[in-house]
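Hi,

Here is the structure I said I would pass on.

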Amino acid sequence: MPVSENGTPLISVVIPAFNGEATLANTLESLLAQTFEDWEGVVVDDGSTDDTAGVAARLVGSDSRFRVHTQPNGGVSRARNAGIALAKAPWLFFLDADDWIAPDAFESLLRAPLEQTDVVHGGFVRIDAEGREEREEAVAAGTDLFPILVRTCAFSIHCCLSRTEQVRAVGGFDESLATCEDWDLWQRLARSGAHFARIPEYIAY
């Protein structure tokens with residue numbers, strides 16, 4: 001299992017939140033439940049008008065691995081980019097305030113050959129209003145996913161690790177996009193020569 005160096009966490013988890021008071025606690029608690037503990041959580045409160053800041057503050061006060069950044073509302077891509085700028089770790093994980101991850105999500109992702117990999121992705125599960133679960137079909141494994149990414153967004157944003165320096169090198173998220181901003185990022189990473197790896201586990205909800 002990889003370890004961090006010089007006290008720097010191995011994974012920076014970027015959590016954009018806008019009016020997420022109803023779901024944010026569950027999201028952050030899924031981080032606290034991780035079996036791999038060498039991470040930091042960067043909550044970006046994107047100009048919320050509800051008690052998102054209060055929910056975040058209560059959990060941040062319970063664990064020093066959390067930080068909160070507050071900014072005027074600018075959309076999810078701008079919020080994620082703010083988190084990327086604040087990240088200290090060599091790996092990024094994006095977790096929206098209405099999603100959560102399995103307790104062994106990080107442990108599973110870190111089993112991939114990180115020395116030869118820039119993006120590691122796993123499976124994700126959709127849950128409907130009645131609580132029924134549906135596993136999304138996994139994409140084919142391979143280090144070059146661009147032929148797949150030109151046709152479809154191959155995995156969800158909340159089920160992958162991305163190398164921080166690579167994400168910064170391609171400019172992070174395109175803040176002009178109203179949707180599919182993650183798909184756009186994966187395409188730009190693939191075009192830049194990033195190597196992808198897939199794990200079989202379903203790690204995100």
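Let me start with Ile11. Setting aside residues up to four places away in sequence, Ile11 touches Phe36, Asp38, Trp39, Glu40, Ala89, Trp91, Phe93, Phe106, Leu110 and Leu161. Bear in mind that this is a predicted model.

Ile11 also turns up in the largest nonpolar core, which has 54 residues. Along with Val13, Leu31, Phe93, Phe106, Phe155 and Phe196, Ile11 is among those that touch the most other members. Strand 1 (residues 11–17) supplies the largest share of this core, with five residues. As background, nonpolar side chains in soluble globular proteins tend to be buried together.

Next, a helix pair. How far apart are the axes of helix 1 and helix 2? Helix 1 (residues 24–32) and helix 2 (residues 52–60) have axes 10 Å apart and pack at an angle of about 25°. Angles under 35 degrees count as roughly parallel, so helix 1 is roughly parallel to helix 2. Their crossing is right-handed. On the helix 1 side, the contact is made by Leu24, Ala25, Leu28, Glu29 and Leu32, and helix 2 brings Thr52, Val55, Ala56 and Leu59. Sorted by type, the residues of this contact are seven nonpolar, one polar and one charged.

Helix 3 (residues 76–86) is worth a look too. Its buried residues are Ser77, Ala79, Arg80, Asn81, Ala82, Gly83 and Ile84. The elements covering them include strand 1, strand 2 (39–46), strand 3 (66–71), strand 4 (91–94), helix 6 (164–169) and helix 7 (181–191).

Is Gln71 buried or exposed? Its relative accessibility is 12%, and buried means under 20%, so Gln71 counts as buried. Beyond its neighbours within four places in sequence, Gln71 is in contact with Val44, Asp45, Asp46, Gly47, Arg78, Ala79 and Ala82. Of these, Ala79 and Ala82 are also on the list of buried residues in helix 3.

Most residues other than glycine have a negative phi. Asn19, though not a glycine, has a positive phi of about 50°. Asn19 sits in the loop between strand 1 and helix 1 and is partly exposed, at 32% relative accessibility. Cys180 is not a glycine either, and its phi is positive at about 60°. Cys180 lies in the loop between helix 6 and helix 7 and is partly exposed, with a relative accessible area of 38%.

Cheers

Terms used:
Residues numbered from 1 in each chain as written. Predicted model: local features only at pLDDT ≥ 70, side-chain atom pairs only at ≥ 80, totals over all residues. Heavy atoms only, no water. Axes fitted to C-alpha atoms, helices over the stretch in contact; angles between N-to-C directions. Helix = DSSP H or I, 4+ residues; strand = E, 2+ residues; numbered from the N terminus. Parallel < 35°, antiparallel > 145°, perpendicular 65-115°, else oblique. Left-handed = near helix turned anticlockwise from the far one by under 90°. Contact = heavy atoms within 4.5 Å. Nonpolar A, V, L, I, M, F, W, Y, C, P; charged D, E, K, R; others polar. Core = buried A, V, L, I, M, F, W, Y, C linked by side-chain atoms within 4.5 Å. Buried < 20%, exposed > 50% of the residue type's maximum accessible area, 1.4 Å probe, protein only.
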